[in-house]
Amino acid sequence: MSSHATIRRLTTADIRARKNQQPIVSLTAYDAPNAAILDDYCDFLLVGDSVGMVVHGLPSTVGVTMEMMIMHGQAVMRGTQRAMVVVDMPFGSYEESKEQAFKNAARIMQETGCQAVKIESGTYAADTIAYLVERSIPVMGHVGLRPQAVHVDGGFKAKGRNQAEWDKVMAEALAAEKAGAFAIVVEGVAEDLAEEITKTVKIPTIGIGASAKCDGQILVTPDMLGLFEWTPKFVKRYGSQKDNVARAVEAYAHEVRERSFPGESQVYSLKPKAS
Ligand code: KIV
């Protein structure tokens, strides 16, 4: 007989059912101990390819590899029990063909144990999304500002500020929905556009730099925790991680220099204890 864990992870069906319901809370996660903290508060965690920038110090997400996504995906799965975990498909792992996308998405799911993958989905990706979903791989779409397109766009540029861009992003969202995506990230678009997409599609929209009227929100965790000097304009900082870490390390360095910390010889003293 199989045993059933008492804690059940949220599923893609749970997330999908939250359309027009209680807002979906999500954050990015990259490692086990931090994911374990986020797990208590988030409906889903995204192992974003932003890992390349915020953990590995790359200038964009373009250099992120399958191996990086799998390693961080495994860590996040180990640290969590409740939140659904979505892993980003990195640049170059899905654009060439539907078959390439399936092979890499299946590898991500098998090697990490995550519940879904995310694809930065221009309209061209609709066939790929449909192909994956038909073959049992749940897909989250990602429209608007697509960080993997940074070199075509000439920077991380907000979308939907003219009619042509507005129509293009709306078409991307509709294509992802029609192809079977269970939810879509809507990143860096005009607020009215995010609202219109949310009203138009029947799957949840997860906004980032978009609109509070989306069905949920996601932020890049180190940005909202205040790890960096610079963050995108729309990010609210809920902490001062950089200052907290610097203060703690400064105090530690000071104590070491002053020899005012408990020395190893005290901690591991071989002196017999007085009985
Ligand atoms: O990689 C990432 O962190 C993302 C979020 C910005 C949605 O795709």
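Biologist: Before we start, what does buried mean here?
Modeller: A residue is called buried when its relative accessible area is under 20%, and please keep in mind that this is a predicted model.

Biologist: Okay, so is Asp215 buried or exposed?
Modeller: Asp215 has a relative accessibility of 6%, which is under 20%, so Asp215 counts as buried.

Biologist: And which residue does Asp215 form a salt bridge with?
Modeller: The partner is Lys19, and the closest N and O atoms of the two are 2.8 Å apart. The pair links distant parts of the chain, since Lys19 sits in the loop between helix 1 and strand 1 while Asp215 sits in the loop between strand 7 (205-208) and strand 8 (216-219), 196 residues apart. Lys19 is buried as well, because its relative accessible area is 11%.

Biologist: How many salt bridges does the structure hold?
Modeller: There are 14 of them. One of these joins the side chains of Arg18 and Asp43, at 2.9 Å from N to O.

Biologist: Where do Arg18 and Asp43 lie?
Modeller: Arg18 is in the loop between helix 1 (12-16) and strand 1 (24-28), and Asp43 is in the loop between helix 2 (32-38) and strand 2 (44-47), so their pairing ties together parts that are 25 residues apart in sequence. Both residues are buried, and a network of salt bridges links Arg18 and Asp43 with Arg82.

Biologist: What about Arg146 and Glu172?
Modeller: Their side chains also meet in a salt bridge, with 3.3 Å between N and O. Arg146 belongs to the loop between strand 5 and helix 7 (150-153) and Glu172 to helix 8, so this bridge ties together parts that are 26 residues apart in sequence. Arg146 and Glu172 are both buried.

Biologist: Switching to helices, how do helix 4 and helix 5 pack?
Modeller: Helix 4 (residues 66-79) and helix 5 (residues 98-112) pack at an angle of about 30°, with 9 Å between their axes, and the crossing is right-handed. Among the residues that meet there are Ile70 and Met77 from helix 4 and Asn104 and Ile108 from helix 5.

Biologist: And on the surface, which residues form a nonpolar patch?
Modeller: Tyr252, Val256 and Phe261 do, with about 280 Å² of accessible area together. Val256 lies in helix 11 and is partly exposed, with a relative accessible area of 32%.

Biologist: Last one, what is the phi of Arg259?
Modeller: Phi of Arg259 is near 50°, which is a positive value in a residue other than glycine. Arg259 lies in the loop between helix 11 (241-257) and helix 12 (264-267), and Arg259 is exposed, with a relative accessible area of 71%.

How values were computed:
Residues are numbered from 1 along each chain as its sequence is written. This is a predicted model: local features need pLDDT of at least 70, side-chain atom pairs count only at pLDDT 80 or more; totals for chains, interfaces and linings use all residues. Side-chain values use heavy atoms; hydrogens and water are left out. Helices (H or I, at least four residues) and strands (E, at least two) are DSSP runs, numbered from the N terminus. Buried means under 20% relative accessible area, exposed over 50%, partly exposed in between (1.4 Å probe, protein chains only). Patches are made of residues with over 30% relative accessible area and no salt bridge: like charges are joined within 9 Å, nonpolar side chains (Val, Leu, Ile, Met, Phe, Trp, Tyr) within 5 Å. Accessible areas come from the Shrake-Rupley method with a 1.4 Å probe; for residues, only the protein chains shown count as cover. A salt bridge is a side-chain nitrogen of Lys or Arg within 4 Å of a carboxyl oxygen of Asp or Glu. Axes are lines fitted to C-alpha atoms, for helices over the stretch in contact, and angles run from 0 to 180 degrees between N-to-C directions. A crossing is left-handed if the near helix is turned anticlockwise from the far one by less than a right angle, and right-handed if clockwise. Contact means heavy atoms within 4.5 Å.
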